[in-house]
Amino acid sequence: MATKNKPLVPDRQQKIADRRDHIIAAARLCFRKHGFHGAGMAEIAAQSQLSVGQIYRYFTNKEAIIEEIAHRIVKHRVQLMRDNDNNLEHMALALADHRLLDGDETEINQALMLEVSAEATRNPRIARILLDVDAVLFREGCHMLMQSYPEMSHDAAANLAELIAVLSEGTMLRILTRQRQTTHEGLAQIYLNLFSAVFPARPKTGPE
């Protein structure tokens with residue numbers, strides 16, 4: 001017999017979260033394979049083994065699914081940024097190695113965000129989603145820089161955050177298109193020289 005007050009079925013909110021996760025996982029595969037235009041709700045339903053009607057219970061339309069995917073990718077990247085703790089050497093080596101900070105999900109996350117960027121040029125709703133998630137990353141980047149360099153102004157942090165974004169997004173494109181015209185060692189040294197020139201010396205902590 002069940003213990004008093006112990007639910008006999010999983011919590012409803014958890015069931016909803018699990019079903020949304022399931023739909024998002026299916027949509028990521030469909031969008032990666034066919035792009036946003038090529039993957040319709042019927043294909044997402046088939047991939048998730050649900051009906052289209054069931055999917056509409058959790059997401060109002062395909063754009064809502066795209067929005068959720070973009071927000072999840074950015075949330076993941078913010079956590080990775082925090083874990084990296086502005087380690088410039090690590091960042092330089094990752095960029096030079098065409099290895100950004102998305103872990104096992106690197107390639108699909110990069111491809112999906114490029115899909116979002118392309119769709120944003122045609123769809124005002126997706127353009128707004130892209131601006132919103134980019135603002136989250138930008139704010140977090142500025143905040144982390146100002147924490148790491150207490151004397152840094154907000155304007156200086158914003159400029160450096162933009163530089164990192166440009167380097168990361170350019171690298172992202174070259175990863176996906178398999179472009180590489182230089183050696184890892186040479187490129188890593190250039191990035192390290194660049195970061196040494198544009199970032200202030202990091203404040204020392206603890207006893208000398």
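Author: A search of the whole structure finds four aromatic pairs, where rings of Phe, Tyr and Trp (its six-membered ring) pair if their centres lie within 6.5 Å, and planes under 30 degrees apart count as stacked, over 60 as edge-to-face and the rest as tilted. One of them is Tyr191 with Phe195, which is stacked at 6.3 Å centre to centre with 20 degrees between the planes. Keep in mind that this is a predicted model: local features need pLDDT of at least 70, side-chain atom pairs count only at pLDDT 80 or more, and totals for chains, interfaces and linings use all residues. Residues are numbered from 1 along each chain as its sequence is written, and side-chain values use heavy atoms, with hydrogens and water left out.

Reader: Where do Tyr191 and Phe195 lie?

Author: Both are in helix α9 (residues 184-198), four residues apart, about one turn of the helix. Helices here are DSSP runs (H or I, at least four residues), strands are E runs of at least two, and numbering goes from the N terminus.

Reader: And how are the rings of Phe195 and Phe199 arranged?

Author: That pair is edge-to-face, because the ring centres are 5.7 Å apart and the planes sit at 90 degrees. Ring pairs also join Tyr149, Tyr191, Phe195 and Phe199 into a cluster.

Reader: Is Phe195 buried or exposed?

Author: Phe195 is buried, since its relative accessible area is 2%; buried means under 20%, exposed over 50%, and partly exposed in between (1.4 Å probe, protein chains only). Phe199 is buried too, at 5%, and Tyr191 counts as buried at 11%.

Reader: OK, switching to cysteines. How many disulfides does the search find?

Author: Zero in the whole structure, with a disulfide taken as a pair of cysteine sulfur atoms within 2.5 Å. Cys30 is buried at 2% relative accessibility, and Cys142 is buried at 3%.

Reader: What about the overall fold, how many helices and strands?

Author: The protein chain has nine helices and zero strands. Buried residues make up 37% of its 208 residues. Among contacts (heavy atoms within 4.5 Å) between residues at least 6 apart in sequence, 70% join residues at least 24 apart.

Reader: Now pockets. How much space lies in the largest pocket?

Author: About 840 Å³. A pocket is found on a 1 Å grid over the protein atoms alone, as an open set of points with protein on both sides within 12 Å along at least five of seven lines, and lining residues have an atom within 4 Å of a point. Grid points are joined across faces, edges and corners, and the volume is the space filled by probe spheres set on the points.

Reader: Which residues lie nearest its centre?

Author: Met81, Leu137, Ile164, Ala165 and Ser168, out of 31 lining residues. The elements that give two or more residues to that lining are α4 (62-84), α5 (88-96), α6 (106-120), α7 (124-148) and α8 (154-176).

Reader: Last one: where is Asp132, and how far is it from Glu67?

Author: Asp132 is in helix α7 and counts as partly exposed, at 32% relative accessibility. Asp132 and Glu67 are 65 residues apart in sequence and 9.8 Å apart in space, C-alpha to C-alpha.

Conventions:
On a 1 Å grid over the protein atoms alone, a cavity is a set of points where a 1.4 Å probe fits but cannot get out, and a pocket is an open set with protein on both sides within 12 Å along at least five of seven lines; lining residues have an atom within 4 Å of a point.
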